[in-house]
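User: Can you walk me through this one? Start with the terms, then the packing.
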Amino acid sequence: MVDQIDLTMVNWARAQFALTAMYHWIFVPLTLGLSFIIAFFESIYIKTGNKEWKKIAKFWMTLFGINFAIGVATGIILEFEFGTNWSNYSWMVGDIFGAPLAVEGIAAFFLEATFFAVMFFGWERVSKKFHLFSTWMVAIGSNLSALWILVANGWMQYPIGMAFNPDTARFEMQDFWAILFSPVAISKFTHTTSSGFLFGSLFVITISSWYLLKGRHIQMARKSILVAAVFGLLSSGYVAFTGDEAAYNDAQKQPMKLAAFEGLYDGEKGAGLVAAGIINSSKKVGDDQDAFLFEIRIPWLLSLLANRDPGSFVPGIKDLVYGNEKENIMGADEKIKKGKIAVEQLALYKKAKKAGDSAGAEAALTVFNQNKEYLGFGYLNAPEEAVPPVSLVYYAFHIMVALGSLFPIIFIAYLFFTLKGTIIHQKWLLSIGVVSMFLGLAAQQCGWIVAEVGRQPWAIQDLLPVTIARTNLTAGTVQTTFFMFVAIFTLLLIAEIRIMLKQIQIGPEGK
Amino acid sequence: MFGNLDTTTLQQLWWIIDSLVGSLFLFLIFVQGGQTLLWQLGKANVEKSLIINSLGRKWEMTFTTLVLFGGALFAAFPKFYATSFGGAYWVWMLILFTFIVQAVSYEFRKKPNNFLGEKVYELFLFINGSVGILLIGAAVGTFFTGSNFVLNEYNFVTWTNPLRGLEAAFSLFNLSLGLFLVFNARLLGAMYLLNNIDFTGYEDFEARTRKAVLVNLLCALPFLLYFLISLVVMDGFGVDPKTGIVSMVSGKYLANLLSMPLVLIFLLAGLVLVIWGVVTTSFRGKNNGIWFGGLGTVLVGLAVFFTAGFNNTAFYPSKAALQSSLTIYNASSSHYTLTAMSYVALLIPVVLAYVVYVWYLMDAKKITAAEVTGEQADEMY
């Protein structure tokens with residue numbers, strides 16, 4: 001299909017997508033969470049009529065607006081980047097992938113865009129109730145945007161509801177509902193948005209803690225902390241629950257990803273979960289080295305999490321690459337063989353069809369159909385290529401989980417001392433609170449790495465490797481845009497941070 | 001309901017929907033046009049604030065419409081999405097860069113400690129309104145002049161010009177369409193400001209804005225004429241409906257307009273409405289020209305897109321390999337996807353309804369100088 005694969009170009013295109021997505025992901029979780037927190041503040045204001053709550057809502061709204069703008073700026077490129085840098089992907093799966101993106105525009109972005117103007121400039125132009133309604137619509141709209149892009153992403157992780165059409169050489173949608181309600185899509189959506197709620201709460205805690213340490217805006221900070229700690233604690237529970245669901249889905253639908261983020265090379269029954277460990281980065285699949293330099297395992301837990309059965313078998317990277325007959329697992333080596341047949345027969349089919357040789361086309365199609373499930377593997381050259389970067393995914397996953405376990409403790413401590421009325425004296429806690437937002441950001445970025453790097457080398461799991469998904473561009477072209485994005489996004493980020501810090505310094509007075 | 005329609009009908013329906021979204025975008029770029037007028041019309045700070053705050057309540061609508069246009073094209077015509085965005089890489093990247101810098105500029109421009117300074121954010125807005133719109137016009141121009149790509153049997157796109165889409169801007173025809181769009185956006189922008197701002201006490205500012213409407217129409221006309229005259233005399237990319245073979249047909253676009261009288265009526269009525277908007281604003285002192293100009297722009301947009309896509313025409317033709325040209329029939333999604341998306345499109349009237357309602361609520365009172373300079377000034381853009 002693609003005569004010469006320019007790996008350098010593919011890697012630059014991946015780097016560019018990672019750069020733009022990870023920059024975007026600095027701002028989006030805050031939008032997802034803070035929008036609801038502001039809606040809570042404003043609801044309390046409308047309910048109680050206490051102007052203090054309005055002032056609080058307006059203060060956080062200012063910070064929300066600054067963040068929202070740069071979120072929008074970094075977001076537009078992502079939609080178009082599928083076309084610009086991954087045009088073969090856009091063609092091969094556009095019939096399925098384009099739909100959620102269009103729905104996102106129609107059903108979610110307009111809610112955000114329309115009511116955003118009311119939220120910021122409508123205080124004197126619409127009724128109090130309509131204003132509150134608008135604030136809620138911005139929160140709901142933001143989270144609905146997340147729904148549709150995560151449905152699309154969920155499909156990349158677990159492609160269902162479609163079939164390959166050999167005549168058009170693309171995948172075509174067959175069941176919209178299967179795609180929308182795919183378990184992977186649902187758990188992606190719930191895990192991602194709940195982690196956004198958690199992050200929004202950490203953001204409020206960070207800034208409020210700083211005010212308390214400085215002895216400024218004490219009433220506002222305490223009220224903000226109360227709402228954020230409750231919301232954060234509830235979200236933490238939800239994050240843990242949905243995270244467990246996401247890991248279970250990985251085990252069932254993307255076992256290679258699970259094996260990678262657990263550093264599990266040799267599959268076993270009653271597999272233990274790595275609680276902490278240093279992975280051996282020189283370890284290669286199939287060699288005799290130990291996977292870990294040091295590790296602490298919790299016995300049976302991985303099997304329990306992966307299959308809901310502590311004694312069950314969890315396949316390791318080696319099983320998935322070279323196969324495991326005893327456990328009835330076909331390896332990537334075998335799949336590549338079948339995939340090569342599928343690629344070859346597809347070409348023969350097209351050739352026969354073009355030549356008007358219907359018998360030849362029929363014969364080729366029959367063999368193709370027997371092997372089409374493995375078409376994607378036909379573009380790999382060695383079974384080891386099916387393994388994602390293990391160390392990166394392993395550390396990203398474990399850092400994310402460790403931080404995710406820490407956050408509820410922080411929220412409980414904040415809630416306890418706030419209800420006791422002594423939060424202002426807990427300097428140690430407030431100091432942790434000040435840095436908690438940055439820990440949240442680290443967890444967010446790690447989550448992205450687990451989901452996206454863990455899927456490599458595939459753009460669409462098992463169907464389309466990134467090397468085939470690409471656009472026919474030179475490495476130099478993508479390199480140029482990569483550095484353009486580095487420059488512009490970094491400039492905008494510096495501007496955003498400086499503006500944000502200044503607004504925090506100014507505080508809520510006069511709101 | 002939609003599932004019973006045949007594929008051809010669905011493909012045509014989706015070309016109409018995408019054309020409508022695209023044409024609404026061409027109207028909503030009054031925001032971009034307004035941005036390019038900032039320095040010219042806003043002499044005092046308060047005048048600049050009025051312009052920015054007036055446009056600032058709409059910019060996201062334009063931005064979102066562009067995103068929807070991209071998404072809807074992706075869903076309905078993925079081969080176009082893949083071919084054009086992947087092929088004409090540089091032109092789309094540059095367009096997107098101008099929208100990236102626009103998105104922060106309203107929010108960041110007046111905020112203290114904003115790193116780049118007020119003038120730079122204003123420059124960003126100017127670049128978005130000028131370069132961004134010019135390049136969009138040039139890209140749309142290639143619907144008629146063709147592009148430089150070859151698709152292989154797996155529809156993998158190879159672009160044969162090293163400028164990767166920027167070459168479109170070197171065609172006089174494409175450039176004319178781009179410049180027409182820039183000036184049209186500017187006249188729409190000025191008409192929108194007249195409709196949206198309370199100019200009491202700022203009569204000079206109002207006079208400058210009113211004058212800009214006429215001046216920009218006069219600037220737009222030569223480019224419009226060049227575009228239209230070229231369009232009706234040029235060879236076009238025709239498709240044989242039986243074989244699907246693409247060939248050059250002389251006077252193709254004139255033939256399209258004549259064989260689709262409704263499209264011709266859209267074009268002429270659209271132009272008349274835009275001109276009437278300007279006339280009523282400039283000579284009759286009215287402030288409602290934006291509605292005539294807006295509707296007119298939508299109609300002209302529809303006429304342009306329909307001429308490019310209907311009546312057995314390749315809407316995204318290839319100069320490099322005629323048979324690689326895209327038609328709405330060979331570039332579309334499957335019957336299933338088009339059907340599913342048609343149900344989703346039923347939401348469009350709902351969206352339009354609440355957008356119009358909120359717009360009406362927010363604009364019921366015009367924006368005043370007191371609002372942007374008063375005690376709430378720090379909450380304004």
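Analyst: A nonpolar core is a set of buried Ala, Val, Leu, Ile, Met, Phe, Trp, Tyr and Cys residues joined through C-beta atoms within 7 Å. Buried means 20 or more other C-beta atoms within 10 Å of the residue's own, exposed means 12 or fewer, and partly exposed is in between, with C-beta atoms placed from the backbone. The model is predicted: local features need pLDDT of at least 70, side-chain atom pairs count only at pLDDT 80 or more, and totals for chains, interfaces and linings use all residues. Residues are numbered from 1 along each chain as its sequence is written, with chains lettered from A and ligands numbered from 1 in the order written.

User: Which residues touch the most other members of the largest nonpolar core?
Analyst: A:Ile37, A:Trp60, A:Ile76, A:Ile317, A:Leu464 and B:Leu96, out of 309 residues. Helix α3 (residues 87-121) of chain A gives the largest share of this core, 23 residues. Helices here are DSSP runs (H or I, at least four residues), strands likewise (E, at least two), numbered from the N terminus.

User: What does B:Leu96 touch?
Analyst: A:Ile76, A:Ile77 and A:Phe80, leaving out residues up to four places away in sequence. Contact means C-beta atoms, placed from the backbone, within 7 Å.

User: And how many residues does each chain give to the contact?
Analyst: Chain A gives 61 residues and chain B gives 58. On the side of chain A that touches chain B, α3(A) supplies the largest share, 24 residues. By class, that side has 36 nonpolar, 17 polar and eight charged residues. Nonpolar covers Ala, Val, Leu, Ile, Met, Phe, Trp, Tyr, Cys and Pro; charged covers Asp, Glu, Lys and Arg; the others, Gly among them, are polar.

User: New topic. How do α11(A) and α12(A) cross?
Analyst: The axes of α11 (residues 332-354) and α12 (residues 358-371) of chain A come within 8 Å and cross at roughly 155°. Axes are lines fitted to C-alpha atoms over the stretch in contact, with angles from 0 to 180 degrees between N-to-C directions. The two helices are therefore roughly antiparallel (over 145 degrees; under 35 is roughly parallel, 65 to 115 roughly perpendicular, the rest oblique).

User: What about B:Asn311, buried or exposed?
Analyst: B:Asn311 is buried, with 20 other C-beta atoms within 10 Å. Its phi is positive, near 60°. B:Asn312 also has a positive phi, about 55°, but counts as partly exposed, with 19 C-beta neighbours inside 10 Å.

Methods:
Two residues are in contact if their C-beta atoms, placed from the backbone, lie within 7 Å.
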